[in-house]
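Welcome, and thanks for taking a look with me.

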Amino acid sequence: MTDISHLADFKIIGELFNEFIILERDNNMLLLDFHAGHERLNYDKFTKMVENRDIIIQDLLIPYTQELTETEVNFIIDLKDDLNTLGFEIDRFSDKKIIIHSVPMQLKDINLKSFIDDLLHDMKNLKPSMNNEINHYLMQKACKSSVKSGMSLSEYEIKELLKNLDINKPVLLCPHGRPILTVVSKSQIEKWFKRIV
């Protein structure tokens with residue numbers, strides 16, 4: 001098994017498809033899904049804050065509203081207490097609209113439309129009686145929506161991500177179970193090009 005500790009010591013080769021960071025060390029290439037890495041770090045930090053009841057709430061300068069069906073509004077309002085525990089202050093604005101007044105500071109960059117759309121997409125599988133499972137699920141969805149996808153990272157941002165992964169030593173899976181990184185050996189690459197058999 002390749003040693004993937006001390007990620008900050010890997011040589012940064014570059015970025016691929018605005019999704020992956022290519023790293024090199026000891027005759028190995030490492031591909032790191034930086035969105036999944038950010039999501040994992042956000043999730044772990046947010047989970048600790050929720051467990052310690054240490055959520056800092058950020059009021060929105062302009063409250064966010066979203067038009068929904070009446071059934072969807074009722075579904076979101078059924079989750080109101082759970083969302084409130086996580087730092088989301090949400091209310092019914094009308095029969096077909098919700099309003100969000102605040103979000104957890106940890107997730108201040110959250111895309112609220114994506115977050116609400118994700119919840120509604122899974123509404124058949126989510127029942128208010130699920131208690132702890134609901135909090136876990138809501139945190140997963142919130143952290144996913146807080147990561148800006150499709151964006152390029154500067155070298156400084158890449159180094160900061162690698163440093164944070166080293167310091168926090170998270171499980172190397174995103175909160176949804178997808179791997180954060182994969183390692184390809186030099187010999188594997190040489191086999192692709194038939195340099196070795």
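1. How many residues apart in helix α6 are Glu160 and Lys163? They sit 3 residues apart, about one helical turn. Please keep in mind as you read that this is a predicted model.

2. The side chains of Glu160 and Lys163 meet in a salt bridge, with 3.2 Å from N to O. Glu160 is partly exposed at 24% relative accessible area, and Lys163 is partly exposed at 40%.

3. Helix α6 covers residues 155–168, and in this helix Lys159 and Glu155 are 4 residues apart, about one helical turn. Their side chains also form a salt bridge, at 3.3 Å from N to O. Lys159 is partly exposed, with a relative accessible area of 45%.

4. Now turn to helix α4, residues 112–121, where Lys113 and Asp117 lie 4 residues apart, about one turn of the helix. A salt bridge of 2.6 Å, N to O, links their side chains. Lys113 is partly exposed at 46% relative accessibility, and Asp117 is partly exposed at 30%. The structure holds 7 salt bridges.

5. For the strands, start with β1 (residues 11–16) and β2 (residues 20–25), which run antiparallel and are joined by 5 bridges. Their hairpin has 3 residues between the strands, and Phe17 there takes a positive phi near 60°.

6. Next, β2 pairs with β3 (residues 28–33) in the antiparallel sense over 6 bridges. This hairpin has 2 residues between its strands, and Asp26 in the turn has a positive phi of about 50°.

7. Glu24 in β2 is a handy landmark: Lys11 stands opposite Glu24, and Met29 is the bridge partner of Glu24 in β3.

Terms used
Residues are numbered from 1 along each chain as its sequence is written. This is a predicted model: local features need pLDDT of at least 70, side-chain atom pairs count only at pLDDT 80 or more; totals for chains, interfaces and linings use all residues. Side-chain values use heavy atoms; hydrogens and water are left out. Two strands pair if DSSP finds at least two bridges between them. A salt bridge is a side-chain nitrogen of Lys or Arg within 4 Å of a carboxyl oxygen of Asp or Glu. Buried means under 20% relative accessible area, exposed over 50%, partly exposed in between (1.4 Å probe, protein chains only).
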